[in-house]
Each structure stands twice: as C-alpha cells, then as structure tokens.
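Visitor: I am new to protein structures and would like to learn how such labels are given. Could you walk me through a few?

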Amino acid sequence: MTTTPLHDWNLSPKDAIALQKRLAGRVEREDRLAEVRHLAGVDIGFEQDGEITRAAVVVLAWPPEIGGEFSVVERVVHREPTRMPYIPGLLSFREVPAALAAFERLNVRPDLVMVDGQGIAHPRRLGVASHLGLWLDLPTIGVAKSRLCGRHAEPGAERGEWTALVDGADDEVIAAVLRSRPRVKPIFVSTGHRVSLPTALEWVTACLWRTKLPEPTRLADRLASRRGGEGDQTP
C-alpha cells in the first residue's frame with residue numbers, strides 16, 4: 001500500500017512541536033470506518049542501542065476463528081536507521097517513519113489499525129496512533145500500556161470495567177482506562193484517527209483473548225520485540 005506524504009521528517013524539536021499542534025486539528029474523533037475485514041497491529045522496537053528502528057505490522061482476518069483465535073494474514077518487519085533521539089512527547093517522529101515503510105510493504109490494506117502507543121491521549125493530542133492515522137488516512141486506535149498525561153480514577157477490578165482519562169482545566173476526556181484482565185494493571189485506549197472513543201473501546205474489548213493486550217498489538221509487540229521470530233513471511 002502507498003501513502004501520500006504529509007510533511008517532511010527532518011525537523012528540529014521546536015518545529016516538530018509546532019507541527020503537532022497544527023496536525024492535531026486534523027484528527028477526526030468521530031467514526032469514519034468502512035466494513036472491517038482486516039485488522040492490523042503495529043508496534044515499534046529498537047536495536048543496536050536505539051540506532052536501528054524496527055517496525056512490525058501484523059494483519060489479521062476479522063472476525064476471529066471459533067474459539068477466539070485470530071488468523072494471521074500477513075506480517076512485515078522493517079528496519080531503518082533511527083531518525084530522532086528519544087524526546088518525551090515527540091515519539092511519533094522517532095517511530096512513524098519506520099512504521100510507514102512497513103505499511104508500504106503490505107499486500108493487504110487493513111481496514112482498522114491498532115497501534116501500541118497513544119492516540120489523542122497526548123499533551124498536544126497527537127500521539128503515534130493519531131500521527132500514523134493521518135499519514136495512512138486509515139482508522140486508528142491507540143492502545144498504550146502506560147499514561148502519558150491526564151488523570152483518572154482506578155477502574156473496577158473486573159475485565160471490561162473502565163474509567164475516563166481526563167486532562168486540562170475542562171476535564172477533556174482523552175482516553176479510557178480499561179481493565180482488560182481481572183486484577184491486572186489497566187491499558188489506555190484512545191482515539192487515533194477516524195474512530196470515536198466508544199467504538200475504540202468496543203474494538204479493543206472484542207480483540208481481547210488470553211492476555212491484557214488486544215491480539216493485534218500483542219502479536220505486533222512480539223514481532224517488534226524479537227519474540228515472534230525473524231523474517232517477514234506470510235503464514
């Protein structure tokens with residue numbers, strides 16, 4: 001699949017922050033999804049002490065098989081030199097270029113993408129899931145393991161219970177803090193692009209299987225972290 005360039009990546013931190021503020025206004029927080037037949041999970045890892053960025057994309061068939069197991073349609077791993085050092089709040093400028101290159105190698109265009117990272121649950125409302133969604137012009141959902149900003153009450157102890165993550169003086173709701181497994185630390189689900197928060201919660205919950213992470217990002221996480229085997233073969 002191909003993408004239309006959105007902006008240059010060779011930016012100073014100051015310029016990158018200014019760009020985030022401009023792009024945040026283009027993020028769509030309401031549903032604009034077609035029929036979903038293929039789901040993708042995306043995660044980014046690093047090699048050689050951060051010198052190499054390793055992007056993993058796993059495409060799954062929807063719906064899952066009887067019993068809840070997902071069928072892997074395609075998986076891609078792309079490596080390239082890391083473009084930006086780690087700067088809090090600017091992670092998408094470090095991760096998205098490699099993710100885009102991985103998507104360009106896909107034969108199957110996904111209908112919905114789950115990203116291991118923040119969507120609008122970001123100080124400038126443009127986390128990696130939102131940034132990637134704008135580039136791809138695809139519906140994206142942020143699924144993060146930790147909080148970047150905002151405040152929240154503790155959700156209930158049982159699977160499926162959640163509470164709102166709010167930020168700012170007006171208590172803007174920017175994510176759902178979801179208990180994805182009983183008595184396990186919650187995950188943070190947020191709109192990326194073209195998906196409302198209620199719909200994002202529905203999809204993430206529907207993709208939970210045996211672990212705290214939804215299957216698309218769990219499988220991408222394994223691949224990006226080198227626990228899922230080498231190569232980019234399609235089963």
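Visitor: Where is Asp171 placed?

Guide: Asp171 sits in the loop between strand E6 (162–167) and strand E7 (172–178). Keep in mind that this is a predicted model. Phi of Asp171 is near 55°, a positive value in a residue other than glycine.

Visitor: Why does Asp171 count as partly exposed?

Guide: Buried means under 20% relative accessible area and exposed means over 50%, with partly exposed in between. Asp171 has 41% relative accessibility, so it counts as partly exposed.

Visitor: What is the phi of Asp137?

Guide: Asp137 has a positive phi of about 50°, although it is not a glycine. You will find Asp137 in the loop between helix H3 (128–136) and strand E5 (140–144).

Visitor: Why is Asp137 called partly exposed?

Guide: Its value is 38% relative accessibility.

Visitor: Which residues does a cis peptide bond join?

Guide: The cis peptide bond joins Trp62 and Pro63, with omega about 5°. Pro63 belongs to the loop between strand E2 (52–61) and strand E3 (72–81).

Visitor: Which residues of helix H4 are buried?

Guide: In helix H4 (residues 197–206), they are Leu197, Thr199, Ala200, Leu201, Trp203 and Val204. The word buried is used because it means under 20% relative accessible area.

Visitor: What do the buried residues of H4 pack against?

Guide: They pack against strand E1 (38–47), strand E4 (112–116), E5, E6, E7 and strand E8 (187–193).

Conventions: Residues numbered from 1 in each chain as written. Predicted model: local features only at pLDDT ≥ 70, side-chain atom pairs only at ≥ 80, totals over all residues. Heavy atoms only, no water. Helix = DSSP H or I, 4+ residues; strand = E, 2+ residues; numbered from the N terminus. Buried < 20%, exposed > 50% of the residue type's maximum accessible area, 1.4 Å probe, protein only. Contact = heavy atoms within 4.5 Å.
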